[in-house]
Amino acid sequence: MFGDLHIDPVTGKTQLPQQRLQEIIEEIKLMDEVGLDYFGIGEHHRPDYVVSSPEIILAAASTVTKRIKLGSAVSVLSSSDPVKLYQHFSTIDLLSNGRAELMAGRGSFTESFPLFGYRLEDYNKLFEEKLDLLLKINREDRVTWEGNFRAALNNQQVLPRALNNQLAIWVAVGGTPASVVRAAKLGLPLMIAIIGGSPQQFQPFFELYKETYIASGHDMANYQVGIHAHAFFGENGQETADHYYPIYAAQMDRVGRSRGWPPYQRTQFDFGRSKPGALFIGDAEQAIDKILHVQEMFGLTRFAAHMDMGAPDHRDMMKSIEIYGTKIAPSVRKALEK
């Protein structure tokens with residue numbers, strides 16, 4: 001989830017943030033109850049999203065869940081302090097008995113850079129330097145480090161330590177070859193966002209990652225790759241698509257206006273729902289077939305369904321989560337056991 005706030009198409013009024021936050025916690029609780037493996041929440045600093053601090057949501061979720069992994073999707077590392085970020089996630093890890101994951105990325109929006117006093121000109125350098133520090137903190141109990149964008153550390157302890165002294169850290173990318181190579185060389189699990197076009201277009205990135213991962217000497221037993229894709233599930237595929245399209249298109253247009261995109265079209269939506277497309281929107285059987293298709297294509301170890309695009313009604317979200325956990329995920333797991 002990104003924590004989208006519902007905007008009434010008639011009145012233009014935005015959903016109250018406290019209502020959406022309470023709904024999110026209910027939704028995560030249900031995810032755990034129906035047996036889903038992983039929940040991720042994004043970081044945004046815009047009026048159409050309610051979550052600016054994923055770690056706050058994850059800490060709250062840790063108290064109402066028992067099994068599900070709790071991660072960011074993503075933490076905007078470039079505009080964060082790696083020391084404080086590690087402390088937040090190690091605390092969640094302790095609260096949740098080792099279920100926390102930190103997914104580092106550069107973010108798809110830029111509002112956090114001026115908000116926290118960083119320059120967009122330093123976009124790439126910030127991420128490289130801060131990832132280096134974050135990984136060093138994760139490896140070492142005492143850290144000595146020097147960089148260009150924060151104060152140096154001299155034999156400094158960063159506390160508390162994650163459970164087993166090892167925090168799970170992923171890297172999320174949008175499809176930049178250099179980012180894929182960096183993650184592979186470091187041996188970090190990779191998540192690629194596929195939110196348009198055809199997943200087939202991304203196959204070279206998975207091949208590049210695997211080749212580089214192996215060439216860098218990493219153990220394939222630790223190999224993890226996933227995709228993040230827009231998804232929504234209902235009992236009837238066509239009815240679900242017809243109901244969800246206006247909600248989805250409205251959010252795509254809100255984002256698109258700031259990026260110069262043309263208005264979102266139904267033809268794009270319908271192609272996205274087809275087998276070659278990148279949308280996982282429909283009934284359980286449609287979703288199962290498509291998830292297995294991309295799993296085979298990429299050798300995925302994780303599929304992340306981004307399910308709150310445009311802020312569907314809470315009741316519809318709960319139904320989508322129920323279908324995902326009780327019908328889709330068990331069938332996918334069973335098929336992959338063969």
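The legends below describe close-up views of salt bridges, a pocket, aromatic pairs and charges over rings in a predicted model. Local features need pLDDT of at least 70 and side-chain atom pairs count only at pLDDT 80 or more, while totals for chains, interfaces and linings use all residues. Residues are numbered from 1 along each chain as its sequence is written, and side-chain values use heavy atoms, with hydrogens and water left out.

**View 1. Asp37 and Arg67 form a salt bridge.** A salt bridge is a side-chain nitrogen of Lys or Arg within 4 Å of a carboxyl oxygen of Asp or Glu. For Asp37 and Arg67 the closest N and O atoms are 3.5 Å apart. The pair links distant parts of the chain, 30 residues apart: Asp37 is in the loop between helix H1 (17–33) and strand S1 (38–41), and Arg67 is in the loop between helix H2 (54–62) and strand S2 (69–72). Helices (H or I, at least four residues) and strands (E, at least two) are DSSP runs, numbered from the N terminus. Asp37 is partly exposed at 39% relative accessibility, and Arg67 is partly exposed at 43%. Buried means under 20% relative accessible area, exposed over 50%, and partly exposed in between (1.4 Å probe, protein chains only).

**View 2. Lys69 and Glu101 meet in a salt bridge.** The N to O distance is 4.0 Å. This pair also links distant parts of the chain, with Lys69 in strand S2 and Glu101 in strand S4 (residues 100–105), 32 residues apart. Lys69 is partly exposed at 37% relative accessibility, whereas Glu101 is buried at 5%.

**View 3. Lys136 forms a salt bridge with Glu140.** Their closest N and O atoms lie 3.2 Å apart. Lys136 is buried at 17% relative accessibility, and Glu140 is partly exposed at 25%. The whole structure holds 21 salt bridges.

**View 4. The second largest pocket has a volume of about 740 Å³.** On a 1 Å grid over the protein atoms alone, a pocket is an open set of points where a 1.4 Å probe fits, with protein on both sides within 12 Å along at least five of seven lines; lining residues have an atom within 4 Å of a point. The volume is the space filled by probe spheres set on the points, which are joined across faces, edges and corners. Of the 32 lining residues, Asp37, Arg302, Phe303, Ala304 and Tyr324 lie nearest the centre. Two or more lining residues come from each of S1, helix H10 (284–298), strand S11 (302–306) and helix H11 (314–337). H11 gives the largest share, seven residues.

**View 5. Tyr213 pairs with Tyr209 and with Tyr223.** Rings of Phe, Tyr and Trp (its six-membered ring) pair if their centres lie within 6.5 Å; planes under 30 degrees apart count as stacked, over 60 as edge-to-face and the rest as tilted. Tyr209 and Tyr213 are tilted, with centres 5.7 Å apart and planes at 40°. Both lie in helix H7 (residues 203–215), four residues apart, about one turn of the helix. Tyr213 and Tyr223 are edge-to-face, at 5.3 Å centre to centre and 80° between the planes. Tyr223 is in the loop between H7 and strand S9 (225–233). Tyr209 and Tyr213 are buried, and so is Tyr223.

**View 6. Arg106 lies over the face of Phe127, and Arg259 over that of Phe109.** A charge sits over a ring if NZ of Lys or CZ of Arg is within 6 Å of the ring centre and within 35 degrees of the ring normal. Arg106 is at 5.6 Å from the ring centre of Phe127, and Arg259 is at 4.5 Å from that of Phe109.
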